Amino acid sequence: MAGSDDKSRSKGKAVPASRAGRFAKVARLAGGVAGGMLAEGARQIRAGNRPSKRDLLLTPGNARRVTRQLSEMRGAAMKLGQILSMDSGELLPKELTDILASLRSDGTSMPDSQLEEAMTEAYGPDWETEFRVFDRYPIAAASIGQVHRAVGHDGTELALKIQYPGVGKSINSDVDNIATVLRISGLLPEEADLQPFLDDAKRQLRDEANYLKEAEFLRRFNEVLGDDERFILPELVPQLTRKTVLAMTYVAGGPIDAIARRPQEERDRVVSALVELLLTELFELRMVQTDPNFANYQYRWSTGEIVLLDFGATRDFKVRFVNNYRKLAAAAVEGDRDAMAVAAEKVGYSMGDEDSRYRELVLELLLLALEPLREDRPYDFGGSTMPERLGELGKKATDYADFWHAPPTDVVYFHRKLGGIFMLAARMDARVNVHALMQRWL
């Protein structure tokens with residue numbers, strides 16, 4: 001029977017399910033940010049200062065307002081914030097990505113009344129009879145859904161990913177509303193045409209909200225990695241999977257960043273495996289799990305296995321993009337700027353005129369982003385200053401507003417994952433010869 005004692009029941013905050021309710025959240029967010037700007041402006045003027053609009057926007061109070069409201073909305077609003085926060089300096093000011101970065105942590109769980117609604121929609125009013133045991137207290141809560149443990153009637157331990165009510169229907173309006181708030185705030189470049197990126201984000205989020213698609217990605221990853229002893233994945237339980245509930249076998253593990261306490265050799269081995277997996281996903285499978293949240297990786301201390309979780313953000317990449325990105329990487333390894341410019345343009349970057357300072361700046365950004373694979377030696381992720389140097393170069397791009405445009409959406413999603421792996425490797429203080437791992441693909 002389902003576990004339903006008072007201590008186990010979810011005490012979360014309700015997710016606004018209606019379009020009007022979600023718009024009201026965005027309106028309150030905009031009003032709160034504006035009020036915060038007025039209050040900060042008055043304070044600065046009293047102190048004899050003449051603050052810029054950006055200084056007024058990027059206050060600790062406004063940072064808390066943005067992250068709190070998006071966290072409470074969950075769904076596409078929170079997910080868009082996560083996507084934008086991982087753009088590695090290519091799309092947004094660093095100050096805003098720092099604000100949005102806190103959205104990568106777990107969200108707030110929904111209350112028991114909404115959990116009941118979600119399960120009834122998926123399985124019917126007698127949904128509890130589908131399970132021998134169902135734990136109403138979530139073990140994880142994120143942007144689109146939360147995860148509960150259960151036991152099937154055959155004794156199989158299960159993990160159920162349950163979607164928040166209303167999330168799938170609110171994607172288009174959420175993305176448009178949040179983009180409007182960011183645009184009005186002055187934090188998005190006025191001359192940038194972000195519509196292609198926003199349209200693609202909507203498509204990606206609609207896919208993520210369809211758990212039948214994630215089920216297919218999980219099945220495909222199991223086919224590819226099932227015999228790789230370095231990794232362990234949950235297995236799909238198709239008879240209990242619905243569009244808004246993904247049923248999998250439960251796979252236990254500990255936080256991946258706990259390996260920071262392991263010897264250097266083990267840290268290097270784990271990060272090498274994750275880098276090689278990323279390269280395999282792009283160049284062989286053309287199917288990349290683009291969400292770099294650390295919670296999507298776990299570690300088994302007893303066996304050294306890496307647990308892979310959450311395939312909702314998986315993205316299929318076109319052959320043309322993969323081949324051109326391979327050419328870009330090969331040219332970067334050779335230090336051939338002309339070949340890099342040709343490949344980058346085919347990938348989708350705006351490169352400007354030949355011999356222009358703007359083109360040189362883009363090439364410098366790309367060479368820096370691909371720095372770990374350029375030399376045949378272990379790259380010291382922990383000691384790298386690459387993120388700071390990328391930030392400094394990114395600031396220079398604002399001098400070329402006439403040329404600037406949003407990077408290709410495939411690049412944004414792939415670099416999102418690339419940046420996440422870099423951050424994890426840096427936290428592990430790992431040293432990995434990325435150049436050697438890349439050779440088979442070049």
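**Figure 1. The largest nonpolar core of the predicted model has 96 residues.** Two members stand out: Met 119 and Phe 131 touch the most other members of this core. Helix H10, residues 264-285, gives the core its largest share, 11 residues. At least three core residues come from domain 2 (111-163 + 210-251). At least three also come from domain 3 (255-441).

**Figure 2. A second, separate core.** This core has eight residues. Among them are Val 175, Ala 179, Leu 198 and Val 412.

**Figure 3. Helix H9 spans residues 211-225.** H9 has 15 residues. From first C-alpha to last, the helix reaches 21 Å, close to the 21 Å expected at 1.5 Å a residue. Which residues of H9 are buried? They are Tyr 211, Glu 214, Ala 215, Phe 217, Leu 218, Phe 221 and Leu 225. Seen down the helix axis, these buried residues fall within an arc of 165°, so they line one face of H9.

**Figure 4. Asn 210 caps the N-terminal end of H9.** The cap involves a side-chain oxygen of Asn 210 and the backbone nitrogen of Leu 212. These two atoms lie 3.1 Å apart.

**Figure 5. Asp 310 has a positive phi.** Most residues other than glycine have a negative phi. Asp 310 is not a glycine, yet its phi is about 65°. Where is Asp 310? The residue lies in the loop between strand S10 (306-308) and strand S11 (314-316). Asp 310 is partly exposed, with a relative accessible area of 25%.

**Figure 6. Asp 429 also has a positive phi, although it is not a glycine.** Here phi is about 55°. Asp 429 sits in the loop between helix H15 (409-427) and strand S13 (431-432). Is Asp 429 buried or partly exposed? With 31% relative accessibility, Asp 429 counts as partly exposed.

**Figure 7. The whole chain, for orientation.** The chain has 442 residues, and 54% of them are buried. Its secondary structure comes to 16 helices and 13 strands. Take the contacts between residues at least 6 apart in sequence: 72% of them join residues at least 24 apart.

Note on methods:
Residues numbered from 1 in each chain as written. Predicted model: local features only at pLDDT ≥ 70, side-chain atom pairs only at ≥ 80, totals over all residues. Heavy atoms only, no water. Helix = DSSP H or I, 4+ residues; strand = E, 2+ residues; numbered from the N terminus. Expected span 1.5 Å × (residues − 1). Buried < 20%, exposed > 50% of the residue type's maximum accessible area, 1.4 Å probe, protein only. Arc of directions from axis to C-beta. Polar contact = N/O pair within 3.5 Å; in protein donor to acceptor, adjacent residues only side chain to side chain. Core = buried A, V, L, I, M, F, W, Y, C linked by side-chain atoms within 4.5 Å. Domains from an automatic or database assignment. Contact = heavy atoms within 4.5 Å.
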